Amino acid sequence: MTGPLSNTVHVIGAGLAGSEAAWQVAKSGVPVVLHEMRPERMTEAHRTDGLAELVCSNSFRSDDAANNAVGLLHAEMRRLDSLIMRAADANQVPAGGALAVDREGFSAAVTKALNDHPLIEIARGEIKGLPPADWDNVIVATGPLTSAPLADAIRELTDENALAFFDAIAPIVHRESIDMSVAWFQSRYDKVGPGGNGADYINCPMTKEQYDGFVAALIAGEKTEFKQWETNTPYFDGCLPIEVMAERGPETLRHGPMKPVGLTNPHDPATKAYAIVQLRQDNKLGTLYNIVGFQTKLKYGEQQRIFRTIPGLEKAEFARLGGLHRNTFLNSPKLLDGQLRLRAQPRLRFAGQMTGCEGYVESASVGLIAGLYAAADARGEQIASPPATTALGSLLGHITGGHIETIEPGTRSFQPMNINFGLFPPLANPPTKKPDGTRLRGNEKTVAKKQAMSALALADLDRWIADHLRIAAAA
């Protein structure tokens with residue numbers, strides 16, 4: 001590769017995403033300054049001054065690259081010589097099929113690697129507001145607890161609500177797991193919304209007995225508690241947890257997200273449903289649907305148990321479960337371009353959880369690709385995005401444009417996501433037979449499809465590395 005070396009890359013925030021971004025920039029031969037405000041200014045969640053400190057779980061989740069999307073992301077990051085994966089592998093603790101780490105050893109390993117790299121300078125101190133104008137290549141990776149001055153500056157730089165401070169998430173279901181012999185497609189009153197056709201929702205009907213049991217289960221279900229730094233963040237009426245709505249009266253949900261008006265069940269046109277649960281398409285591929293109005297503080301196990309009592313969702317597979325917590329994240333599909341640059345000021349590139357991903361590995365992976373993009377810019381070059389068939393590419397696709405706008409005007413619809421196979425484009429020729437030639441049946445089809453998607457992802461990533469990156473030898 002050739003090209004003039006531009007200014008130093010500045011990375012703001014030394015969590016998992018920022019640490020990974022700095023590593024990738026420096027490995028590409030470009031000097032980088034990694035800015036971390038701790039310990040000069042601590043957050044409500046952090047306890048140390050270590051880089052890549054894990055503030056919640058110590059689990060990186062499944063390490064199964066053949067059958068699990070997050071395990072596949074692990075494998076892709078290892079191929080790209082990820083510092084976060086290197087440190088995780090070196091500090092692994094027993095966790096069955098999951099990758100869990102000794103959190104102190106993990107942070108120490110990341111800190112040492114970054115401190116020891118000759119092209120990385122670690123600068124302690126808060127960046128208050130937008131970075132100086134002469135920093136022409138910046139990665140902002142300040143995470144869900146971005147400091148107020150920087151958050152305010154980002155908001156002022158954009159023409160809309162740039163940042164959400166309360167993450168109200170409805171569960172998201174894999175479309176193929178919904179029983180369409182019970183559910184049906186229809187918009188209320190057959191109304192055609194933007195980009196729709198009058199049949200834009202999947203509808204699941206309930207009898208009075210089913211509805212009463214569902215409401216009782218919501219109220220009785222075990223809930224998670226707010227973390228200490230979330231307790232002063234109030235509910236907004238537009239994103240009340242469904243169980244809070246249920247507690248306001250037995251008919252509240254029937255007059256809210258579960259109202260049955262304007263809909264007719266084609267499976268039983270003569271019977272009027274007492275209540276109806278609606279699901280709305282969540283991605284452009286049409287593989288994921290979110291349960292409308294079902295943001296919740298129910299614990300994950302309770303969500304699966306209770307939501308699978310909804311007719312048509314008895315065998316629902318969840319791409320993600322609902323939640324409600326404090327989070328700082330961008331409306332990335334509108335604000336960022338395909339290279340994670342802020343459209344309003346392209347010298348600023350964003351990475352990590354604030355771009356609209358969830359999870360340690362997802363945050364680090366976006367930091368990884370942001371680092372590669374920034375290093376290419378510094379060298380006067382540009383690299384293509386990873387293929388959409390890869391875990392990296394599919395996650396970036398969700399962040400930068402794979403999401404579709406909600407049908408209701410004025411409602412913020414983009415929400416952070418973990419990596420999952422629902423973000424991948426469907427296989428052109430999904431497997432139908434076993435190696436011995438016999439037909440795949442039942443769950444065997446799902447397993448074979450995931451394995452085929454994983455194999456394709458790794459093959460495509462290897463080609464992308466060979467075609468676009470000079471670090472192929474490091475894989």
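A residue counts as buried when its relative accessible area is under 20%. By that cut-off Cys-357 is buried, because its relative accessibility is 0%. Cys-204 falls on the buried side as well, since its relative accessible area is 0%. As for cysteine pairing, the count of disulfides comes to zero. These values, like the others below, come from a predicted model.

The protein has 475 residues, and 56% of them count as buried. Its secondary structure consists of twelve helices and 16 strands. Among contacts with a separation of 6 or more, 72% join residues 24 or more positions apart. The accessible surface comes to about 19700 Å², and carbon and sulfur atoms contribute 52% of that area.

We can turn next to a sheet. Six strands form an open sheet in the order β10-β11-β12-β13-β9-β14, and their pairing is antiparallel. Strands β10 (184–185) and β14 (318–320) stand at the edges with a single partner strand each, so one side of each has no neighbour in the sheet. Within this sheet, β11 (residues 201–206) and β12 (residues 275–281) are joined in the antiparallel sense by six bridges. Helix α6 (residues 208–220) lies across both β11 and β12, and runs at about 100° to β11.

On to the pairing of β12 with β13. Strand β13 (residues 288–291) pairs with β12 over three bridges, again in the antiparallel sense. Six residues separate β12 from β13 in the hairpin that the two strands form, and in the turn Gly-286 has a positive phi of about 75°.

Strand β12 is mostly covered, with six of its seven residues buried. Gln-278 is located in this strand. Its relative accessible area is 5%, and Gln-278 is therefore buried. Beyond residues up to four places away in sequence, Gln-278 touches Gln-186, Arg-188, Tyr-201, Ile-202, Asn-203, Leu-263, Asn-290, Ile-291 and Val-292. The C-alpha atom of Gln-278 is separated by 8.6 Å from that of Gly-293, a residue 15 positions away along the chain.

Glu-36 belongs to strand β2 (residues 32–36). With 6% relative accessibility, Glu-36 counts as buried. Apart from neighbours within four places in sequence, the contacts of Glu-36 are Gly-13, Ala-14, Gly-15, Leu-51, Ala-123, Arg-124 and Gly-125.

Helix α1 (residues 16–27) packs against helix α3 (residues 83–90) at an angle of about 110°, and the two axes are 8 Å apart. This angle makes α1 roughly perpendicular to α3, because angles of 65 to 115 degrees count as roughly perpendicular. On the α1 side the contact is made by Leu-16, Ser-19, Glu-20 and Trp-23, and on the α3 side by Leu-83, Ile-84 and Arg-86.

Terms used. Residues are numbered from 1 along each chain as its sequence is written. This is a predicted model: local features need pLDDT of at least 70, side-chain atom pairs count only at pLDDT 80 or more; totals for chains, interfaces and linings use all residues. Side-chain values use heavy atoms; hydrogens and water are left out. Helices (H or I, at least four residues) and strands (E, at least two) are DSSP runs, numbered from the N terminus. Buried means under 20% relative accessible area, exposed over 50%, partly exposed in between (1.4 Å probe, protein chains only). Contact means heavy atoms within 4.5 Å. Accessible areas come from the Shrake-Rupley method with a 1.4 Å probe; for residues, only the protein chains shown count as cover. Two strands pair if DSSP finds at least two bridges between them. Axes are lines fitted to C-alpha atoms, for helices over the stretch in contact, and angles run from 0 to 180 degrees between N-to-C directions. A disulfide is a pair of cysteine sulfur atoms within 2.5 Å. Angles under 35 degrees count as roughly parallel, over 145 as roughly antiparallel, 65 to 115 as roughly perpendicular and the rest as oblique.
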